[in-house]
Amino acid sequence: MKKLLSLLLASLIVASGCAKKTETTTSTEESKETQVLKVSGLNGGYGTAGWEAVAKAFEEETGIKVELTLEKNIAETLRPIITSGKDVPDLIYLAVGSGGKLTDTMIAEKQIQDITDVLSATIPGETTTVQDKLIPGFTSALSSSPYQDGKLYLAPINYSPCGLFYNAGLFEEKGWEVPTTWDQMWELAEKAKAEGIALFTYPTTGYFDAFFSALINETAGPEVYEKLMNYDTASWELPEVKQAFEIVGKLATYTEENTVANANAEGFTKNQQLILDNKTLFIPNGTWLPGEMSDAPRAENFKWGFTALPAVAEGKDRYSTTFTEQIYIPNGATNVDAAKQFIAFLYSDKATELFYKNGSAVMPTVNASSFIQDGDENKLFYSIYDTGAKPNAVGFAATEPVEGVDLTSSEGILYGTVNSVVTGDKSVEEWYNGVVEAVKKYDK
(Lines give C-alpha, C1' and ligand atoms only; values in the text may rest on other atoms or scores of the structure.)
Protein backbone atom coordinates (compact mmCIF):
# COMPACT_ATOMS: atom_id res chain seq x y z
CA MET A 1 0.00 0.00 0.00
CA LYS A 2 2.80 2.37 0.96
CA LYS A 3 4.50 1.53 -2.34
CA LEU A 4 1.31 2.34 -4.29
CA LEU A 5 0.92 5.69 -2.48
CA SER A 6 4.55 6.54 -3.25
CA LEU A 7 4.04 5.82 -6.93
CA LEU A 8 0.88 7.94 -7.03
CA LEU A 9 2.66 10.84 -5.27
CA ALA A 10 5.58 10.63 -7.70
CA SER A 11 3.19 10.68 -10.63
CA LEU A 12 1.47 13.78 -9.26
CA ILE A 13 4.81 15.56 -8.79
CA VAL A 14 5.89 14.74 -12.36
CA ALA A 15 2.49 15.83 -13.72
CA SER A 16 2.66 19.02 -11.68
CA GLY A 17 6.17 19.71 -12.99
CA CYS A 18 5.05 19.14 -16.58
CA ALA A 19 2.08 21.41 -16.07
CA LYS A 20 4.30 24.15 -14.71
CA LYS A 21 6.77 23.69 -17.54
CA THR A 22 4.00 23.84 -20.13
CA GLU A 23 2.58 26.94 -18.46
CA THR A 24 6.00 28.66 -18.50
CA THR A 25 6.59 27.76 -22.14
CA THR A 26 3.20 29.10 -23.11
CA SER A 27 3.87 32.29 -21.18
CA THR A 28 7.23 32.75 -22.93
CA GLU A 29 5.70 32.16 -26.32
CA GLU A 30 2.94 34.66 -25.58
CA SER A 31 5.59 37.15 -24.44
CA LYS A 32 7.48 36.73 -27.69
CA GLU A 33 4.31 37.09 -29.70
CA THR A 34 3.31 40.31 -27.95
CA GLN A 35 6.78 41.88 -27.74
CA VAL A 36 7.07 44.86 -30.06
CA LEU A 37 10.41 46.29 -31.19
CA LYS A 38 10.11 49.91 -32.28
CA VAL A 39 12.50 50.90 -35.06
CA SER A 40 12.57 54.48 -36.35
CA GLY A 41 14.70 55.58 -39.27
CA LEU A 42 15.29 57.53 -42.42
CA ASN A 43 13.37 56.93 -45.62
CA GLY A 44 16.41 57.76 -47.73
CA GLY A 45 18.12 56.80 -50.95
CA TYR A 46 17.73 53.06 -50.37
CA GLY A 47 13.98 53.31 -49.85
CA THR A 48 11.88 51.31 -47.39
CA ALA A 49 11.36 47.94 -49.13
CA GLY A 50 14.60 46.46 -47.79
CA TRP A 51 13.76 47.35 -44.20
CA GLU A 52 10.25 45.99 -44.56
CA ALA A 53 11.54 42.68 -45.94
CA VAL A 54 14.22 42.36 -43.24
CA ALA A 55 11.76 43.23 -40.47
CA LYS A 56 9.42 40.49 -41.69
CA ALA A 57 12.28 37.97 -41.83
CA PHE A 58 13.33 38.90 -38.29
CA GLU A 59 9.77 38.41 -37.07
CA GLU A 60 9.70 34.95 -38.65
CA GLU A 61 13.07 34.06 -37.13
CA THR A 62 12.45 35.32 -33.58
CA GLY A 63 8.72 35.84 -33.11
CA ILE A 64 9.37 39.46 -32.11
CA LYS A 65 7.13 41.96 -33.90
CA VAL A 66 8.86 44.93 -35.52
CA GLU A 67 7.10 48.27 -35.72
CA LEU A 68 8.80 50.34 -38.43
CA THR A 69 8.60 54.11 -38.68
CA LEU A 70 10.56 55.35 -41.70
CA GLU A 71 10.26 59.02 -42.69
CA LYS A 72 12.19 61.47 -44.83
CA ASN A 73 12.17 64.01 -41.99
CA ILE A 74 12.80 61.49 -39.22
CA ALA A 75 15.22 63.81 -37.38
CA GLU A 76 12.48 66.39 -36.97
CA THR A 77 10.00 63.73 -35.88
CA LEU A 78 12.33 62.17 -33.31
CA ARG A 79 13.88 65.27 -31.75
CA PRO A 80 10.90 66.17 -29.49
CA ILE A 81 10.46 62.48 -28.58
CA ILE A 82 14.12 62.15 -27.55
CA THR A 83 13.94 65.42 -25.65
CA SER A 84 10.82 64.37 -23.72
CA GLY A 85 12.13 60.88 -23.03
CA LYS A 86 8.67 59.43 -23.67
CA ASP A 87 7.96 56.62 -26.17
CA VAL A 88 11.61 56.56 -27.25
CA PRO A 89 12.17 53.99 -30.05
CA ASP A 90 14.27 50.93 -29.32
CA LEU A 91 16.42 51.49 -32.40
CA ILE A 92 17.23 54.53 -34.53
CA TYR A 93 18.50 54.24 -38.09
CA LEU A 94 19.99 57.63 -38.89
CA ALA A 95 23.55 58.17 -40.06
CA VAL A 96 26.12 60.41 -38.47
CA GLY A 97 26.11 63.74 -40.32
CA SER A 98 22.52 63.38 -41.54
CA GLY A 99 20.36 66.46 -41.94
CA GLY A 100 19.17 67.83 -38.63
CA LYS A 101 22.33 66.53 -36.88
CA LEU A 102 20.20 64.52 -34.45
CA THR A 103 22.62 61.58 -34.31
CA ASP A 104 25.60 63.91 -33.94
CA THR A 105 23.87 65.69 -31.05
CA MET A 106 23.03 62.41 -29.35
CA ILE A 107 26.65 61.29 -29.65
CA ALA A 108 27.91 64.57 -28.19
CA GLU A 109 25.41 64.36 -25.32
CA LYS A 110 26.16 60.64 -24.77
CA GLN A 111 22.58 59.50 -25.30
CA ILE A 112 23.54 56.30 -27.14
CA GLN A 113 24.01 52.92 -25.49
CA ASP A 114 27.12 50.73 -25.55
CA ILE A 115 26.46 47.75 -27.87
CA THR A 116 29.93 46.18 -27.82
CA ASP A 117 28.47 42.84 -26.74
CA VAL A 118 26.63 42.60 -30.07
CA LEU A 119 29.98 41.85 -31.72
CA SER A 120 30.30 38.55 -29.84
CA ALA A 121 26.63 37.67 -30.33
CA THR A 122 25.65 34.81 -32.61
CA ILE A 123 23.60 36.00 -35.56
CA PRO A 124 19.98 34.76 -35.26
CA GLY A 125 19.48 31.82 -37.63
CA GLU A 126 23.24 31.30 -38.10
CA THR A 127 26.21 29.94 -36.14
CA THR A 128 28.52 32.87 -36.98
CA THR A 129 29.17 35.81 -34.66
CA VAL A 130 28.72 39.41 -35.76
CA GLN A 131 32.45 40.12 -35.33
CA ASP A 132 33.39 37.29 -37.70
CA LYS A 133 30.89 38.47 -40.29
CA LEU A 134 31.92 42.14 -40.41
CA ILE A 135 34.59 43.52 -42.75
CA PRO A 136 37.55 44.45 -40.49
CA GLY A 137 37.93 48.11 -39.59
CA PHE A 138 34.34 49.27 -39.80
CA THR A 139 33.61 49.15 -36.06
CA SER A 140 36.71 51.13 -35.10
CA ALA A 141 35.83 54.17 -37.22
CA LEU A 142 34.80 57.35 -35.39
CA SER A 143 31.31 56.97 -36.82
CA SER A 144 30.91 53.69 -34.92
CA SER A 145 33.19 54.20 -31.92
CA PRO A 146 32.97 57.99 -31.43
CA TYR A 147 34.57 58.21 -27.98
CA GLN A 148 37.72 56.27 -28.89
CA ASP A 149 37.27 54.08 -25.83
CA GLY A 150 37.36 50.77 -27.68
CA LYS A 151 33.59 50.32 -27.43
CA LEU A 152 30.94 50.08 -30.14
CA TYR A 153 27.99 52.45 -29.94
CA LEU A 154 26.69 52.70 -33.51
CA ALA A 155 26.46 49.61 -35.69
CA PRO A 156 27.72 50.21 -39.26
CA ILE A 157 25.28 49.27 -42.01
CA ASN A 158 24.71 49.95 -45.71
CA TYR A 159 28.26 50.77 -46.73
CA SER A 160 28.91 52.65 -49.91
CA PRO A 161 32.07 53.72 -51.70
CA CYS A 162 31.82 57.41 -52.55
CA GLY A 163 33.67 58.94 -55.46
CA LEU A 164 33.17 60.69 -58.78
CA PHE A 165 30.43 59.45 -61.10
CA TYR A 166 30.53 60.16 -64.82
CA ASN A 167 29.13 59.00 -68.16
CA ALA A 168 31.56 56.34 -69.36
CA GLY A 169 29.77 56.33 -72.72
CA LEU A 170 30.64 60.00 -73.29
CA PHE A 171 34.31 59.40 -72.46
CA GLU A 172 34.40 56.52 -74.95
CA GLU A 173 32.72 58.68 -77.59
CA LYS A 174 35.18 61.55 -77.10
CA GLY A 175 38.23 59.37 -76.63
CA TRP A 176 38.92 61.00 -73.26
CA GLU A 177 40.88 59.31 -70.48
CA VAL A 178 39.57 59.47 -66.94
CA PRO A 179 42.02 61.67 -64.99
CA THR A 180 44.19 60.01 -62.36
CA THR A 181 45.85 63.27 -61.18
CA TRP A 182 44.49 66.75 -60.57
CA ASP A 183 46.75 68.18 -63.29
CA GLN A 184 45.08 65.82 -65.75
CA MET A 185 41.71 66.92 -64.39
CA TRP A 186 42.44 70.58 -65.19
CA GLU A 187 43.56 69.64 -68.72
CA LEU A 188 40.31 67.75 -69.26
CA ALA A 189 38.35 70.70 -67.87
CA GLU A 190 39.64 72.90 -70.69
CA LYS A 191 38.81 70.28 -73.34
CA ALA A 192 35.28 69.93 -72.02
CA LYS A 193 34.84 73.70 -71.72
CA ALA A 194 35.69 74.09 -75.40
CA GLU A 195 32.74 71.79 -76.15
CA GLY A 196 30.34 73.57 -73.81
CA ILE A 197 30.54 70.94 -71.07
CA ALA A 198 31.23 71.83 -67.44
CA LEU A 199 33.73 69.76 -65.48
CA PHE A 200 31.96 69.47 -62.14
CA THR A 201 28.72 69.71 -60.21
CA TYR A 202 27.50 68.47 -56.82
CA PRO A 203 24.02 67.57 -55.47
CA THR A 204 24.30 69.69 -52.30
CA THR A 205 27.20 70.86 -50.15
CA GLY A 206 26.45 67.97 -47.78
CA TYR A 207 28.22 65.68 -50.26
CA PHE A 208 31.50 67.42 -49.53
CA ASP A 209 31.87 65.47 -46.30
CA ALA A 210 32.88 62.44 -48.35
CA PHE A 211 34.59 64.39 -51.13
CA PHE A 212 36.61 66.80 -49.00
CA SER A 213 37.72 64.26 -46.41
CA ALA A 214 39.14 62.03 -49.14
CA LEU A 215 40.83 65.06 -50.69
CA ILE A 216 42.50 66.05 -47.41
CA ASN A 217 43.71 62.48 -46.99
CA GLU A 218 45.37 62.87 -50.39
CA THR A 219 47.00 66.23 -49.70
CA ALA A 220 47.96 65.72 -46.04
CA GLY A 221 48.12 61.95 -45.52
CA PRO A 222 46.31 59.63 -43.07
CA GLU A 223 48.34 60.54 -39.97
CA VAL A 224 47.54 64.23 -40.31
CA TYR A 225 43.98 63.39 -41.29
CA GLU A 226 43.40 61.63 -37.97
CA LYS A 227 44.58 64.75 -36.13
CA LEU A 228 42.31 66.92 -38.27
CA MET A 229 39.32 64.81 -37.29
CA ASN A 230 40.28 65.38 -33.64
CA TYR A 231 40.20 69.19 -34.04
CA ASP A 232 43.97 69.70 -33.83
CA THR A 233 44.45 73.35 -34.79
CA ALA A 234 48.14 73.00 -35.62
CA SER A 235 47.29 70.33 -38.20
CA TRP A 236 44.57 72.45 -39.77
CA GLU A 237 47.15 75.23 -40.24
CA LEU A 238 49.51 73.04 -42.29
CA PRO A 239 50.05 74.11 -45.94
CA GLU A 240 49.17 70.64 -47.23
CA VAL A 241 45.76 70.98 -45.60
CA LYS A 242 45.21 74.39 -47.16
CA GLN A 243 46.08 72.79 -50.51
CA ALA A 244 42.81 70.82 -50.35
CA PHE A 245 40.86 74.09 -50.00
CA GLU A 246 42.76 75.53 -52.97
CA ILE A 247 41.91 72.51 -55.15
CA VAL A 248 38.22 72.97 -54.35
CA GLY A 249 38.63 76.66 -55.16
CA LYS A 250 39.97 75.83 -58.61
CA LEU A 251 37.27 73.22 -59.08
CA ALA A 252 34.71 75.94 -58.31
CA THR A 253 35.81 77.83 -61.45
CA TYR A 254 34.85 74.79 -63.54
CA THR A 255 31.55 74.09 -61.73
CA GLU A 256 28.33 74.19 -63.76
CA GLU A 257 26.70 77.61 -63.44
CA ASN A 258 23.30 76.46 -62.09
CA THR A 259 24.73 74.12 -59.46
CA VAL A 260 24.37 76.43 -56.46
CA ALA A 261 20.78 77.37 -57.34
CA ASN A 262 19.81 73.69 -57.34
CA ALA A 263 22.02 72.51 -54.46
CA ASN A 264 19.15 72.01 -52.05
CA ALA A 265 16.59 69.40 -51.01
CA GLU A 266 14.20 70.44 -53.77
CA GLY A 267 16.64 70.79 -56.67
CA PHE A 268 19.54 68.38 -56.10
CA THR A 269 18.27 65.89 -58.69
CA LYS A 270 18.60 68.64 -61.32
CA ASN A 271 22.33 68.70 -60.60
CA GLN A 272 22.45 64.91 -60.82
CA GLN A 273 20.60 65.09 -64.14
CA LEU A 274 23.46 67.19 -65.57
CA ILE A 275 25.61 64.04 -65.74
CA LEU A 276 22.92 62.10 -67.57
CA ASP A 277 22.46 64.95 -70.07
CA ASN A 278 26.21 65.31 -70.79
CA LYS A 279 26.18 68.88 -69.50
CA THR A 280 28.73 68.10 -66.79
CA LEU A 281 31.46 65.47 -66.53
CA PHE A 282 31.75 64.58 -62.83
CA ILE A 283 29.61 64.56 -59.71
CA PRO A 284 30.59 63.34 -56.21
CA ASN A 285 28.10 60.82 -54.85
CA GLY A 286 27.56 57.37 -53.39
CA THR A 287 26.39 54.09 -54.87
CA TRP A 288 22.75 55.03 -54.31
CA LEU A 289 22.94 57.58 -57.18
CA PRO A 290 22.02 55.19 -60.05
CA GLY A 291 19.00 54.02 -58.07
CA GLU A 292 17.86 57.56 -57.38
CA MET A 293 18.10 58.40 -61.08
CA SER A 294 16.93 55.08 -62.48
CA ASP A 295 13.82 56.55 -64.10
CA ALA A 296 15.44 59.77 -65.31
CA PRO A 297 16.00 60.42 -69.04
CA ARG A 298 19.59 60.19 -70.28
CA ALA A 299 21.82 60.74 -73.26
CA GLU A 300 22.14 58.03 -75.89
CA ASN A 301 24.76 55.39 -75.02
CA PHE A 302 24.84 56.58 -71.40
CA LYS A 303 26.76 54.25 -69.10
CA TRP A 304 27.68 54.87 -65.47
CA GLY A 305 31.36 55.29 -64.71
CA PHE A 306 32.92 55.60 -61.26
CA THR A 307 36.37 56.65 -60.09
CA ALA A 308 38.27 57.65 -56.97
CA LEU A 309 39.48 61.23 -56.60
CA PRO A 310 42.53 62.08 -58.73
CA ALA A 311 45.86 62.02 -56.89
CA VAL A 312 47.70 65.25 -56.08
CA ALA A 313 50.64 63.99 -58.18
CA GLU A 314 51.65 60.99 -60.25
CA GLY A 315 52.32 57.99 -58.03
CA LYS A 316 50.57 59.46 -54.98
CA ASP A 317 47.66 57.77 -53.22
CA ARG A 318 44.08 58.13 -54.43
CA TYR A 319 41.21 57.90 -51.98
CA SER A 320 37.55 56.97 -52.06
CA THR A 321 35.53 57.61 -48.94
CA THR A 322 33.68 54.63 -47.53
CA PHE A 323 30.39 55.94 -46.27
CA THR A 324 28.37 53.87 -43.85
CA GLU A 325 25.04 54.49 -42.26
CA GLN A 326 24.45 53.64 -38.63
CA ILE A 327 21.81 52.10 -36.40
CA TYR A 328 21.91 52.46 -32.62
CA ILE A 329 20.03 52.03 -29.36
CA PRO A 330 19.16 55.36 -27.72
CA ASN A 331 19.00 55.90 -23.98
CA GLY A 332 15.41 55.36 -22.95
CA ALA A 333 14.86 52.30 -25.17
CA THR A 334 12.76 49.65 -23.41
CA ASN A 335 13.53 46.51 -25.44
CA VAL A 336 17.31 46.56 -25.40
CA ASP A 337 17.89 42.80 -25.69
CA ALA A 338 15.52 42.51 -28.65
CA ALA A 339 17.16 45.56 -30.23
CA LYS A 340 20.56 43.87 -29.99
CA GLN A 341 19.13 40.73 -31.57
CA PHE A 342 17.81 42.82 -34.44
CA ILE A 343 21.18 44.50 -34.97
CA ALA A 344 22.88 41.09 -35.05
CA PHE A 345 20.29 39.82 -37.54
CA LEU A 346 21.10 42.68 -39.92
CA TYR A 347 24.43 40.97 -40.68
CA SER A 348 22.86 37.61 -41.54
CA ASP A 349 23.05 36.29 -45.09
CA LYS A 350 19.26 36.48 -45.24
CA ALA A 351 19.16 40.17 -44.29
CA THR A 352 22.14 41.02 -46.50
CA GLU A 353 20.42 39.46 -49.51
CA LEU A 354 17.08 41.13 -48.75
CA PHE A 355 18.66 44.58 -48.35
CA TYR A 356 20.40 44.24 -51.69
CA LYS A 357 17.44 42.82 -53.61
CA ASN A 358 15.09 45.48 -52.25
CA GLY A 359 17.07 48.69 -52.63
CA SER A 360 20.67 47.80 -53.55
CA ALA A 361 21.98 48.49 -50.05
CA VAL A 362 25.15 46.49 -49.29
CA MET A 363 25.94 45.42 -45.75
CA PRO A 364 29.59 45.59 -44.59
CA THR A 365 29.94 41.83 -44.36
CA VAL A 366 32.78 39.73 -45.70
CA ASN A 367 30.56 37.95 -48.22
CA ALA A 368 28.24 40.80 -49.24
CA SER A 369 29.68 41.03 -52.75
CA SER A 370 28.53 37.47 -53.44
CA PHE A 371 24.97 38.76 -53.53
CA ILE A 372 25.80 41.22 -56.35
CA GLN A 373 25.14 39.50 -59.66
CA ASP A 374 27.62 39.55 -62.53
CA GLY A 375 26.63 42.31 -64.93
CA ASP A 376 25.22 44.44 -62.12
CA GLU A 377 26.76 47.93 -62.30
CA ASN A 378 27.36 47.76 -58.55
CA LYS A 379 30.21 45.35 -59.30
CA LEU A 380 32.01 48.38 -60.73
CA PHE A 381 31.31 50.55 -57.69
CA TYR A 382 32.29 48.00 -55.07
CA SER A 383 35.49 47.02 -56.88
CA ILE A 384 36.98 50.53 -56.55
CA TYR A 385 39.27 49.38 -53.72
CA ASP A 386 40.42 46.44 -55.82
CA THR A 387 41.84 48.80 -58.46
CA GLY A 388 44.21 50.83 -56.31
CA ALA A 389 42.06 53.33 -54.41
CA LYS A 390 42.47 53.53 -50.64
CA PRO A 391 39.42 53.66 -48.35
CA ASN A 392 38.76 56.77 -46.30
CA ALA A 393 36.50 56.97 -43.25
CA VAL A 394 34.67 60.24 -42.79
CA GLY A 395 33.66 61.80 -39.50
CA PHE A 396 34.96 64.03 -36.74
CA ALA A 397 35.55 62.78 -33.19
CA ALA A 398 32.66 63.28 -30.78
CA THR A 399 32.96 66.45 -28.75
CA GLU A 400 30.82 68.84 -26.77
CA PRO A 401 28.93 71.23 -29.06
CA VAL A 402 30.19 74.80 -29.18
CA GLU A 403 27.44 77.37 -29.06
CA GLY A 404 27.14 79.35 -32.26
CA VAL A 405 29.58 77.15 -34.21
CA ASP A 406 28.42 74.88 -37.03
CA LEU A 407 31.44 73.19 -38.52
CA THR A 408 30.21 70.16 -40.42
CA SER A 409 26.53 70.34 -41.40
CA SER A 410 25.51 71.02 -45.01
CA GLU A 411 25.08 74.65 -43.97
CA GLY A 412 28.18 74.70 -41.74
CA ILE A 413 31.38 76.60 -42.41
CA LEU A 414 33.44 73.63 -43.66
CA TYR A 415 31.03 72.29 -46.29
CA GLY A 416 28.28 74.89 -46.59
CA THR A 417 30.71 77.63 -47.55
CA VAL A 418 31.47 75.79 -50.80
CA ASN A 419 28.37 77.41 -52.31
CA SER A 420 29.77 80.88 -51.57
CA VAL A 421 33.16 79.93 -53.01
CA VAL A 422 31.50 78.74 -56.23
CA THR A 423 29.47 81.95 -56.57
CA GLY A 424 32.50 84.07 -55.74
CA ASP A 425 30.91 85.60 -52.65
CA LYS A 426 33.79 84.24 -50.57
CA SER A 427 37.39 83.60 -51.42
CA VAL A 428 39.24 80.38 -50.65
CA GLU A 429 41.32 82.33 -48.15
CA GLU A 430 38.21 83.51 -46.28
CA TRP A 431 36.76 80.01 -46.29
CA TYR A 432 39.97 78.42 -45.03
CA ASN A 433 40.56 81.01 -42.31
CA GLY A 434 36.97 80.67 -41.15
CA VAL A 435 37.35 76.90 -40.78
CA VAL A 436 40.59 77.25 -38.80
CA GLU A 437 38.95 79.76 -36.46
CA ALA A 438 36.00 77.40 -35.95
CA VAL A 439 38.32 74.45 -35.20
CA LYS A 440 40.16 76.53 -32.58
CA LYS A 441 36.92 76.73 -30.60
CA TYR A 442 36.83 72.93 -30.37
CA ASP A 443 40.56 72.45 -29.77
CA LYS A 444 41.12 72.23 -26.02
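A definition before the helices: an axis here is a line fitted to C-alpha atoms, for helices over the stretch in contact, and angles run from 0 to 180 degrees between N-to-C directions. Also, please keep in mind that this is a predicted model.

On to the helix pair. Helix α2 covers residues 49-62 and helix α16 covers residues 349-357; the two pack with axes 8 Å apart, at an angle of about 155°. Angles over 145 degrees count as roughly antiparallel, so α2 is roughly antiparallel to α16. The crossing of the two helices, α2 and α16, is right-handed.

Which residues make the contact? From α2 they are Gly50, Trp51, Ala53, Val54, Ala57 and Glu61, and from α16 they are Lys350, Ala351, Leu354 and Phe355. Sorted by class, the contact of α2 with α16 has seven nonpolar residues, two charged and one polar.

Next, the sheet. It is open and has four strands, in the order β6-β7-β5-β8, and the pairing is mixed. At the edges are β6, residues 198-200, and β8, residues 304-307, each of which pairs on one side only. From one strand to the next, the twist averages 25°.

Now the β6 side. Strand β7, residues 280-285, runs parallel to β6, and two bridges join them. Phe200 stands opposite Phe282 in β7.

What lies across this part of the sheet? Helix α7, residues 182-194, lies across β5 (163-167), β6 and β7. Relative to β7, helix α7 runs at about 135°.

That's what I have; questions are welcome.

How values were computed: Residues numbered from 1 in each chain as written. Predicted model: local features only at pLDDT ≥ 70, side-chain atom pairs only at ≥ 80, totals over all residues. Heavy atoms only, no water. Parallel < 35°, antiparallel > 145°, perpendicular 65-115°, else oblique. Left-handed = near helix turned anticlockwise from the far one by under 90°. Contact = heavy atoms within 4.5 Å. Nonpolar A, V, L, I, M, F, W, Y, C, P; charged D, E, K, R; others polar. Pairing = 2+ DSSP bridges.
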